[in-house]
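Please open the model in a viewer and keep the selection panel at hand.

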Amino acid sequence: MLSEGAAAGPHESERLRLAVEAIGAGTWYLDLTTGAAVADERFAELTGIGPGAVPDGLQRLVDLFFAGDRGAFEEKVRESADAGGVHSMRAMTDADGRVRWIEGWAHPVFQGGGETSGPPIGMIAVLVDVSDRRSMELEHSDQAAWMPRLLEITAALAATTNLPDVVEVLTKLVPPAIGARYMTLRLVSEDGAFLLPVGASALSADRGVRLEAVSIEGDMPITLAVRTGEPVFDVTIGDIVRRMPEFSEQARAIGARDEDLAVALPLRSPQRVVGVMALTVPSSAPLGKDAREFLLSVANQAAQVVERARAFEAEGRARADSEEARGRIELLLKITGALADAVDPADTLTRLADLAVPRLGDWCLIETQEGGAFRSVALASPDLSASAWLEALRSDFEPSRAHYAPVLSSGRALLLEQVGDGDLRATARSEEHLAALRELDPISLIIVPLRVRGSIFGIMSLISSRSASGRRFDAEDVAFAEEVASRGSIALENAMLHASERRAREDAERVADDVLRLQKVTAALSGTLQRSAVAATILDAGTKALGSVRGALYLAEDDALRLLSQIGYDEGALGQQRVLRPEVPNSEEADRPSLLREAAGRRSIVTVRSTEEFESEWPSLSGSWKRLGDQAAVLVPLLLEDSVLGVLYLGFGSPRALSEDESAFLMTLGRQCAQALERARLYEDEHRRRAAEEAARARLEKLHAITETALANLRLEDGLQRMLAIVVDAVDADLGAVVLYDDDSRDFRLKAVIDDDADVHLAVPVEPEGTILHKVLDGESVRAEGLSGSLVPPHPQGAVGYVLAVPLRVSGSVLGWLHVGCRSGAPREGDLADADLVRLAAEQIAVAVDRARLFEREHRIAETLQRSLLPERLPELPGVALAARYLPGSGEAQVGGDWFEVVELPDGRIAAAVGDVVGSGVRAAAAMGQFRNAMRALALEGLSSSRMLERLGDLATGLGREFATAFTLLLDPTTGMIRYSSAGHPPALVLRVDGSTVFLDAANSTPLGVEPGTAYPEAAYPLEQGDTLVLYTDGLIERRGESLDVGFERLRSVAHGQGDVEALVARLIEGLVRAGDREDDIAVLALRFLSRPLRFELSLPPTPASVAAFRSAFTTWLDEAGIGGSDALDLTLAVSEACSNAVEHAGETSAEVVLIAELRADDAMLAVRDGGRWRPPSLRPERGRGFLILRQVMDSIDVRRRPGGTEIRMHRRVGVRS
Amino acid sequence: MTTPEPSFDREGPVLVVRLRGDIDLENADRLLRQTLDHSFEDGVLALVVDLSEVTFLDSAGIRTLFGIHTAMGERGRPVGVVVPRGAVIARVLTITGIPDVMVLAPSIDEVKELVGAAP
C-alpha cells in the first residue's frame, strides 16, 4: 500500500505548480503541512516573496495583503472553515517607485478537493495588478466578480488527486458559477475513438439521464470541440436536435430548450485533447466575455487537472500495482531463490510452505499423493501451538475428501472465500479433528494443486485464520497462490530432477565404476584358464569393489561346496570354520544350516549385515562365526544359467549392508566368475583329456619302441639294456634293472641295469631273498615306497626310495623280474605310478627274453652244425689261390644254408661250387651239409658242372623239395678254362687281370628242386693268369628294398682293386656287409688262377740233425729255382728256425716233420708241419728269438693247429728269379 | 753232414774260440758247453769268439753266444766277438740284438783291444 505521507512531497509540489500556472496571475501556494511554498515570478515581483520555502511567507503575505482580515485569514488557515476565501485590495509601491493597485485573493485548500472536512492542508493566494486595467477601463467589477469563483475552483481542483474528485469539483462548482442548467464531463477514450462520460451535474442524475459513449466522429459540439480543440459557444440545442434527432430525447431529459445554448469546451493538455466539458446555458443568461474567459480558464485548469489526476491515478495504480507486484515478485524471487538451491524434494516442500506464510496465508499445508493416498509433508504456521491440529492433519487423507476432488479432477485451484462450519464438518474425520479445525478458526481457504510434468502430485492448502490475519482471499490471491505453487512445483521438479539426476549421476558413476571394474575383471578373466587364477581374480575384484577385508571362493562339486581359494583368512581359521567348510551330504553335518548352502540354494545373494543378525539368524553357528572373525558377510552364488557353480564369500571387518547396485554388481561378478570357472573347467577337462590322450599315445609309442627293440636282431643283453632304458625313460624313473634266472648257473643274474651309482657286476648272482623283491618271484607285482635304507639289488643301500617291480613271466613261469624306481621316497608326478605301462613292458621283455633264449639255443646248434659242415680250411691247390669266408646271419638263429666247396680232382682239375639252401636254422644247416657233401662226391665222380646240378636237384627233391640254388664250375689249371652252370644262383664275377669285370651268367637255370629232372646248361670261360673268380651267395649283394642290379654294381666296384685273394675277400665283406643289418648268411669264395707253382716238399724225422738236412735240400731247390742272395739266405734261415721249432716241440709224438715250399710268381711260401701240439712261445727270451727271426725274415706267418699237429705257414715276397 | 770242430787257443789271458761251419740246433748246446769248459782254464781273463769261419747261424747259435756272454759276465770276464765284414751271419746277429750287448769287431786284434785284453 502506498504510504500517503511518504509520497506527498513531490506530488503536492507538482499539483501546486499546476494550480499556480493555471490561474495566470501572481500566484503563491503554501503547503500548511510542510511549510513549503511555491510562488511564480509575477507573485515574487509583486510581493518580493520568491519561490521556494519562505519561512515567514505566510506572515508576510498576511502583513502585506490581509492585515485587515488577519483574524478571518488565520481562522481560515487553522480551521475547517467554510469554503470561501479572503479578498482585499492594496496600493503598493513597486521596485520602480510606482504605485500599483494590487487585488488579492486567498483561499484555503482542503483535503479531497470538494469535501471540506478537517483543517486545510494549504493556502493559495492570487494577486492581480489591477492598476493598468483601471486605466484600460476594464470592467473591474466583472473581473473581480469572476475571480473568487475561479479561485475557489482552482483551490478545489488543486486539492484533487483523482478523477472522481475532479469531476465532482467541476460538476458541482462550474454550473452555478455561470448559471448553466446542465453540465457533463467526457474524456477521450484510450483508443481516441469515443468520448466517455465520466460525470454530470446533479441535474442529470435527477432526471435519469443515461450517459453513453459518443463516437468522436459525430457532429455534436462536444465532438467538434474535441476534434478541433476549439470551444463551441454559439450552437443552440435546437440546432443540435435538428442535426441529430436522436439527441432530442436527451435534450428533453436534461430540460434543455431549443433556444438554449450548448457550450463545449475542449480539455486541452499541452500534448492533446483529453476530454470535453459540455454545458447548456439558458438563453436567458447568455455568456459574456468574462464568463467565456472564466470557462476557458476552468477548462484549461480542468484539462490539466484531469490529465494530472489521470496520470496520478495511473501512477498510483501503477505504484500500487508495482508495490504489490514487487511484494509478490519479492516473494516469488524469494521462493525461487530459496527453492533454487533446494536439491531435496522434501526440503523443497518445507521451504515452500515456510515462504507462503504469512504473505499468502496464515497456514500452509502441503500434502503429497502417493499411491492414491495423501500424506502431509510440510506445514508452516505462525503458531507452533497448533501442533495438535498439525498432528491431526498429518494423518492420511482420502483423495475424495471434500474440496480436494474438484481440484484433483480439474487441476485448477479452488477458492473458498468464506469457510463455514459446514466446510469444517465436511473436512473433519473425527470430533477431535473437528475441534482442532474449529480452534484454527479458518475464514478463507485456497487449495492449489502442485503439478509436476502435467500430473498432480500434491496439494497446497493456504488458510487464513480469524485469529491471525483475518484476511479473506480473492481471485488475485488464488492467481498468486497458483503462481507460487507453480514456482514451488518447478522447484520441486527441479529438486526431484536434481535428486534423480544426482541419483542417476551417482548411479552412472557407480555403474561406470562397476562396469570398469567388471571390464577389468572380464579382461583379467579372459586370460585365465585355470580355476585357481579365476578365483584369485574374482576374490581380488570382489573384495576391492566392496572394500571387504577377506574372501573365499567355493566350488560346487559332487553336491558339496569345496574351498577353492581364499584371501585374507588365516588358513587355520578358515579350515576350522564350519560355516565355510565344505558340507558333505549324508554326513551328520548335512542337515546343519549353512550360509553357503543357503546362498547356493536361493540362487541369490545372502547377506549377514552384522554379527547380531548372524547370531539371531544362525544361532547354532555362532561359535564358528566368531572364529571366523567377520563382522558382516556377503555370499554370492556363482550362477551359470540355472546351475550354481559355487559361492563367493566376502567378509567385512565391520557391519555392512549392501546397496542394490552393489548387489547387481556382485551378481554380475558372480555370473562372470561362473562363466570363467566353467570355461576354466572345460579347458582343464580338455587339457586333461589331451594330456591323457597324449600320455596314452606316448605309452603306445614307448611300448612300440620296446616291441621294436624286442624284435630287433640284437644280442639279448644289448636288447635288454635298450628296453630297460626305454622303460626307465618312459616312466621317468631314476633307475631300473632286469634280473633273469640263469639256467646254467642256477641263480639270478643281473642282465641290464640303469643306475650310475650301482656297483654292477653282471657276473655276480643277485640274491632276491631278504629284499622286497623276492615276492616278485611268486608272480606278484611289488610296489614299495619309503624304502630309504632298504636294499634293492643291485642298487646301493639307501639309493632307492620307491620301487615298482614286475615279474617277467612267460607261460606261467617266472624268468626273472624288471624293476624301476626313484631315489626319493615317492614316485614323482608322471608315469612311474603307471604300473600298467611297466607291466606291459615287462610282458614284452619277458617274451623277448624267452624268444631270444630259444633262438640262441637253436642258433648255437645250427652254427655249430654249419661250422662243422663247412670246409675247415681250403685245400692248398697248385695253380690257384683260394680264399673263402662264411658269415652267419646276425639274428638270433640266422644260421642259414649257405655253403661252398673246392675239390681237387685226381686229374688235376679243380671243382668249385657255392650254394644256398633256402631257410635258416638247424634244418637249413643240415640240408646245406648234405648238398656240400653230395657236390664233393659228384665232383670226384668226374661229373660236369651241369650234371652236378642235375644230381643236386635230385637231392633237393629227395630231401623233400628243399629249395636251393647253386653255382658249380670246373677249372683246368693247365689252361685256365672253366666250365660252369648255375641253378638260380647269382652269377660268379670274374675280376680280370686287366681291371675289367665279367659276370658269368651264360648258363642260368631254375633253382634246384623246383622241377625234377631239370637239365642245366653249361658255359665256358677262359681265365687268364691273374684273373680272379668270385663266387658268392645272395646275402653278399642283396639289401632289402633294393634292386639286385644295384647289388651287382656295388659288388663290381668293391671287388675292384689290388691284393691277394684273402685281402679281396676281406674287402668284399667290409665293403658290402653292413654290421647289424645282415639278415641272411653269406658265403664268399675267391679263386685266383695262377701258373702252376714250383714246389718243394720234404719229410724228415723230428731230430735235430734233420734241421741241417732240411736246410741243405731246400738251399739246393732254391738254387735250382733261381732264388739267391738275401732271399735265399732269409728263406733258409726261416726253414731252419721253423724246422728247429718243429723238431724241438713236436717231440716224440710226431712221426715226421714236413717242409713244403712253393714259389709262385713273386711269392715264396714255406709250410712246416709236425704231429705235435703247438705250444705257445716260451716266455724266456732266448726261446722267443726263433719267432723274432721269423718275423724279421718272412712277410707273414700263420700258425694253425690241426687235428694231427701244428702247421706254420709263411710267405715272403721274393725278387724276380734270375 | 759234418760240422768242423771248434778250436780254443790261449793268447795270454785271452781265450780265443774259433767256431766253424753251421751252428744250429744240432750243435749249439755242445759248443756252449765246450767253450765254457775252456773258459775255466787258469789265467783266462777275457774271451774272444771268432765267427769268421761260421757259414750258418740261427737262433740256436745266438743262444750259444748269449750263454757264453752271460757266464763270462758273471765272472767279470769280457767277451768279444769277431765278425768279418760282409759275413752272411751278420744279419741274424743284428736281428737278435747281439751288437747291443757284446763287443763286435772285424778282427781278433780289434776285439782284443776293445775288451782291454791287448798287450
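Begin by selecting D1127(A), D1130(A), R1212(A) and R91(B), which are joined in a network of salt bridges; a salt bridge here is a side-chain nitrogen of Lys or Arg within 4 Å of a carboxyl oxygen of Asp or Glu. The model is a predicted one, in which local features need pLDDT of at least 70 and side-chain atom pairs count only at pLDDT 80 or more, while totals for chains, interfaces and linings use all residues. Residues are numbered from 1 along each chain as its sequence is written, chains are lettered from A and ligands numbered from 1 in the order in which they are written, and side-chain values use heavy atoms, with hydrogens and water left out.

**The interface between chain A and chain B**

Stay with R91(B) and display its salt bridge to D1130(A), where the closest N and O atoms are 2.8 Å apart. Between chain B and chain A there are three salt bridges. The two chains also share five residue pairs in polar contact, both residues being at pLDDT 80 or more; a polar contact is a pair of N or O atoms within 3.5 Å, and within protein one must be able to donate a hydrogen and the other to accept it, with residues adjacent in sequence counting only if both atoms are side-chain atoms.

Next, colour the side of chain B that touches chain A by secondary structure. Strand 3 (46-57), helix 2 (59-74) and helix 3 (90-95) of chain B each supply at least two residues to that side; helices (H or I, at least four residues) and strands (E, at least two) are DSSP runs, numbered from the N terminus. Helix 2 of chain B gives the most, with four residues. By type, this side of chain B comprises nine nonpolar, two polar and six charged residues (Ala, Val, Leu, Ile, Met, Phe, Trp, Tyr, Cys and Pro count as nonpolar, Asp, Glu, Lys and Arg as charged, and the others, Gly among them, as polar).

Now select both sides of the contact: 17 residues come from chain B and 22 residues from chain A, contact meaning heavy atoms within 4.5 Å. The area buried between the chains is about 1600 Å², with carbon and sulfur atoms giving 64% of it; buried area is the accessible area (1.4 Å probe) that two parts lose on being put together, summed over both. In chain B, highlight L25(B), R63(B) and I95(B), which lose the most area to chain A, together 33% of what that side buries.

Chain B has five helices and five strands, in the order β-β-α-β-α-β-α-α-β-α along the sequence.

R1095(A) lies in strand 38 (residues 1094-1100) and E1158(A) in strand 39 (residues 1153-1160) of chain A, so the pair ties together parts that are 63 residues apart in sequence. Is E1158(A) buried or exposed? E1158(A) is buried, at 5% relative accessibility, whereas R1095(A) is partly exposed at 42%; buried means under 20% relative accessible area, exposed over 50%, and partly exposed in between (1.4 Å probe, protein chains only).

Then move to R749(A) and D747(A), which meet in a salt bridge (2.8 Å, N to O). R749(A) is buried at 16% relative accessible area, and D747(A) is buried at 17%. Finish with R656(A) and E662(A), whose side chains pair at 3.1 Å, N to O, in a salt bridge. Over all chains, the count comes to 35 salt bridges.
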